[in-house]
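Opening the notebook on this one.

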Amino acid sequence: MRAARLIEFNKIAVMEESDPSKPKEWEVLVRIKTAGICGTDIHGYEGSHGAIKPPRIMGHELAGEVEDIGQDVTSVKKGDRVVIDPVLSCGKCFTCRQGRNNICSTVKCIGVAVDGGFCDFIKMPAENVFKFPVSIPWEEAALMEPFSIAAQICERSGIKPGEKAVVVGSGPIGLCVLQAFKRIEAQVLMVDVVDSRLKLANELGADETINSKKESFDKKVYDFTEGEGAQLVVEAVGHPALLEQALKVTAPGARIVVIGFNENPAKIPEVEITKKELEIRGSRLNRHKFPEVIKWFEKREVNPQALISAVYPLEDIDKAFKDIKKDPENICKVVIKY
Ligand SMILES: [Zn+2]
Ligand SMILES: [Zn+2]
């Protein structure tokens, strides 16, 4: 099979490797058809992601066709179109027993801590493989994983119809969150410093947008919330300064959802949290969200196509990474087609 390995930082080479062995009883062998390139992959590529080191095969936003199944697998069969949930958990620890497998004490995301799907075949436990209908095109199916992140953020945020939410960051994840929030008819203010992203946010139904480099973020949030402050903020960039800024514009009782992996501390005065009884909630990967996301795609409740900026063949994956790095402002999501 072809495998695109990060052979050194800033260099991915497509090489010929041996095909994987037959799937074990509980496993499914998937022939990958499309894969999305994520911000995590970009960090891995340039060497700024602690867990991704050469010679890793990255890639965790994956769709493909079932090539073979283990003898105990009944959920899918050869030829099915499937999407892969990249979250691998132990199933035994305290959090797994609570059903919160995405924060398993030994959770692993494929393409990060173990090899992923920038290659022709991958073997996954059957519980990580979900069938989707032919009506969903391959390119779009690669975007189910980022939408699963948005579905998890919906759950963690407790967003309700009609509620006003502020989403800081209008990159691919922010724009998936926007669509997930609009799906349930919440009102959304999208924030970014890049106009092209805000234009896309507008097209995808944002109620308000603000370029926080050009306008006052605080004023905009208070205008948007009729002076009351934000009830819900999603910090979808992962920068401590933005978390500090977000906290300042919250209403009493607000929820703040964070998804970043930044290791630098944010300066947050305890009094602000206490006084307003703020809830700061983390959201990580996804917890069994794929069946739900497949329905969103099937019913056309979200528009994944709008996020796809370009499609590259697997052979050109290194060029795809270089092009994204060259023009991050105008490239939203890149899909690799095998
Ligand atoms: Zn991702
Ligand atoms: Zn576990």
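This is a predicted model: local features need pLDDT of at least 70, side-chain atom pairs count only at pLDDT 80 or more; totals for chains, interfaces and linings use all residues.

Where does Pro55 lie? I looked it up: Pro55 sits in the loop between helix 1 and strand 4. I checked the backbone there too, and the peptide bond joining Pro54 and Pro55 is cis, with omega at about 5°.

**Zinc, ligand 1**

I went to the zinc ion (ligand 1) next and listed its donors. They are Cys38 (SG), His60 (NE2) and Glu61 (OE), at 2.1 to 2.8 Å. Water is not among the atoms, so a site like this may look incomplete. Written as a sequence pattern, the donor spacing is C-x21-H-E. Cys38 is in the loop between strand 3 (27-37) and helix 1 (39-46), while His60 is in the loop between helix 1 and strand 4 (61-69), so the pair ties together parts that are 22 residues apart in sequence.

I also looked up how accessible these two are. Cys38 has 13% relative accessibility, so I put it down as buried. His60 comes out at 4%, and I put it down as buried too.

**Zinc, ligand 2**

What are the protein donors of the zinc ion (ligand 2)? I found Cys90 (SG), Cys93 (SG), Cys96 (SG) and Cys104 (SG), lying 2.3 to 2.4 Å from the ion. The spacing reads C-x2-C-x2-C-x7-C. I then checked the geometry: the four donor atoms subtend angles of 104 to 118° around the zinc ion (ligand 2), so the arrangement is tetrahedral. For reference, the ideal angle for four tetrahedral donors is 109.5 degrees.

Buried or exposed? I looked at Cys93, which is buried at 15% relative accessible area. Cys90, at 32%, is partly exposed.

**Helix 4 against helix 5**

I wanted the packing of helix 4 (residues 144-157) on helix 5 (residues 172-183). Their axes are 8 Å apart, and the angle is about 55°. That makes helix 4 oblique to helix 5. Helix 4 passes helix 5 in a right-handed crossing. From helix 4, the contact residues include Phe147, Ile149, Ile153 and Cys154, and from helix 5 they include Ile173, Cys176, Val177 and Phe181.

**Positive phi**

Glu185 has phi near 60°. Glu185 is in the loop between helix 5 and strand 11 (187-192), and its relative accessible area of 62% makes it exposed. His288 is another, with phi near 55°. I located His288 in the loop between strand 15 (279-282) and helix 10 (290-298).

Definitions and conventions
Residues are numbered from 1 along each chain as its sequence is written. Chains are lettered from A and ligands numbered from 1 in the order in which they are written. Side-chain values use heavy atoms; hydrogens and water are left out. Donors are N, O and S atoms within 2.8 Å of the metal (3.2 Å for Na, K and Ca); water is not among the atoms, so sites may look incomplete. Helices (H or I, at least four residues) and strands (E, at least two) are DSSP runs, numbered from the N terminus. Buried means under 20% relative accessible area, exposed over 50%, partly exposed in between (1.4 Å probe, protein chains only). Four donors count as tetrahedral if all angles lie between 85 and 135 degrees; four count as square planar and six as octahedral if opposite donors are over 155 degrees apart and all others between 65 and 115; anything else is irregular. Axes are lines fitted to C-alpha atoms, for helices over the stretch in contact, and angles run from 0 to 180 degrees between N-to-C directions. Angles under 35 degrees count as roughly parallel, over 145 as roughly antiparallel, 65 to 115 as roughly perpendicular and the rest as oblique. A crossing is left-handed if the near helix is turned anticlockwise from the far one by less than a right angle, and right-handed if clockwise. Contact means heavy atoms within 4.5 Å.
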